[in-house]
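Subject: Structure handover

Hello,

Here is the structure we spoke about. Please load it and read the notes below alongside it.

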Amino acid sequence: LLVMILLPESATQRPKTMRRLFILTAFALLVLPLRAQQFGSRVIATADQLLVSDTAQPTLPGTIYVYGRDMNGSWMEGVRLTAEGLAENGDGFGRAMASDGSRLVVATSNQRVDIYEIAAGSTFQFESSLVGQSDGFGTQGAVSGDLILVSSDGQSESPARVQVWHF
């Protein structure tokens with residue numbers, strides 16, 4: 001990160017320049033760490049719920065932050081989801097997400113896709129995991145009712161494909 005600061009020639013401009021410098025510093029301290037963690041790399045939004053993934057933390061497991069609306073209509077953080085049973089640092093949990101309102105499908109970087117049932121409110125019940133046999137399994141996903149689709153991007157010698165499961 002390179003920051004160039006030009007100080008004004010006149011002393012009357014210093015308060016304005018100092019205010020700009022403070023704003024730039026605050027922005028760098030607040031936003032850049034989130035960017036490095038990839039907070040918000042994937043987002044699912046509904047009328048009353050917001051799911052935001054943070055996938056690229058090398059020292060923490062990937063996390064999905066679930067926000068809901070309070071009685072005043074303001075967004076409030078609710079539960080946090082991590083990989084069921086196998087959460088580990090840098091696992092990429094949340095690198096791809098899909099939901100149809102009753103199910104949530106979440107991919108990790110270790111060729112696994114977790115499926116959650118969404119109950120009333122913000123209750124997520126782990127249902128099952130799908131494990132891929134090809135490179136890049138879980139690059140994208142989709143869910144509709146009892147059908148779950150998961151793509152593999154065809155890295156290495158494996159062809160790109162979409163696999164379909166019926167639950």
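Ground rules

This is a predicted model, in which local features need pLDDT of at least 70, side-chain atom pairs count only at pLDDT 80 or more, and totals for chains, interfaces and linings use all residues. Residues are numbered from 1 along each chain as its sequence is written, and side-chain values use heavy atoms, with hydrogens and water left out.

Overall make-up

The protein has one helix and eleven strands. The order from the N terminus is α-β-β-β-β-β-β-β-β-β-β-β. Of the 167 residues, 31% are buried. Buried means under 20% relative accessible area, exposed means over 50%, and partly exposed is in between (1.4 Å probe, protein chains only).

Strand S3 covers residues 63–69, and six of its seven residues are buried. S3 pairs with strand S2 (residues 49–54) in the antiparallel sense over six bridges. Pairing requires at least two DSSP bridges between two strands. Asp54 has Thr63 in S3 as its bridge partner. S3 also pairs with S4, again antiparallel, over five bridges. Here Tyr67 stands opposite Glu77 in S4. S3 and S4 form a hairpin with five residues between them. Gly73 sits in the turn and has a positive phi of about 90 degrees.

S7 and S8 are joined by seven bridges in the antiparallel sense.

The three-stranded sheet

Another open sheet has three strands in the order S9-S10-S11, also with antiparallel pairing. Its edge strands are S9 and S11, each pairing on one side only. Neighbouring strands of this sheet are turned by 20 degrees against each other on average, direction ignored. S9 and S10 run antiparallel and share five bridges. Gly141 has Val150 in S10 as its bridge partner.

Aromatic pairs

How many aromatic pairs are there? The count is two. Rings of Phe, Tyr and Trp (its six-membered ring) pair if their centres lie within 6.5 Å; planes under 30 degrees apart are stacked, over 60 edge-to-face, and the rest tilted.

Tyr116 and Phe126 have ring centres 5.8 Å apart and planes at 75 degrees, so the pair is edge-to-face. This pair links distant parts of the chain: Tyr116 is in strand S7 (residues 112–118), and Phe126, ten residues apart, is in strand S8 (residues 124–131). Tyr116 is buried at 2% relative accessibility. Phe126 is partly exposed at 27%.

Phe137 and Trp165 also form an edge-to-face pair, at 6.0 Å centre to centre and 85 degrees between the planes. Phe137 is in strand S9 (residues 137–144) and Trp165 in strand S11 (residues 161–166), so the pair ties together parts that are 28 residues apart in sequence. Phe137 is buried at 0%. Trp165 is partly exposed at 24%.

Surface patch

Leu147, Leu149, Val162 and Val164 form a nonpolar patch on the surface, with about 320 Å² of accessible area together. Patch residues have over 30% relative accessible area and no salt bridge; like charges are joined within 9 Å, nonpolar side chains (Val, Leu, Ile, Met, Phe, Trp, Tyr) within 5 Å. A salt bridge is a side-chain nitrogen of Lys or Arg within 4 Å of a carboxyl oxygen of Asp or Glu. Areas come from the Shrake-Rupley method with a 1.4 Å probe; for residues, only the protein chains shown count as cover. Strand S10 (147–152) and S11 each give two or more residues to the patch. Val162, in S11, is exposed at 54%.

Loop residue

Gly90 is in the loop between strand S4 (75–81) and strand S5 (96–99). Gly90 is partly exposed at 38% relative accessibility. Its C-alpha atom is 9.4 Å from that of Thr108, 18 residues apart along the chain.

Best wishes

Terms used. Helices (H or I, at least four residues) and strands (E, at least two) are DSSP runs, numbered from the N terminus. Axes are lines fitted to C-alpha atoms, for helices over the stretch in contact, and angles run from 0 to 180 degrees between N-to-C directions.
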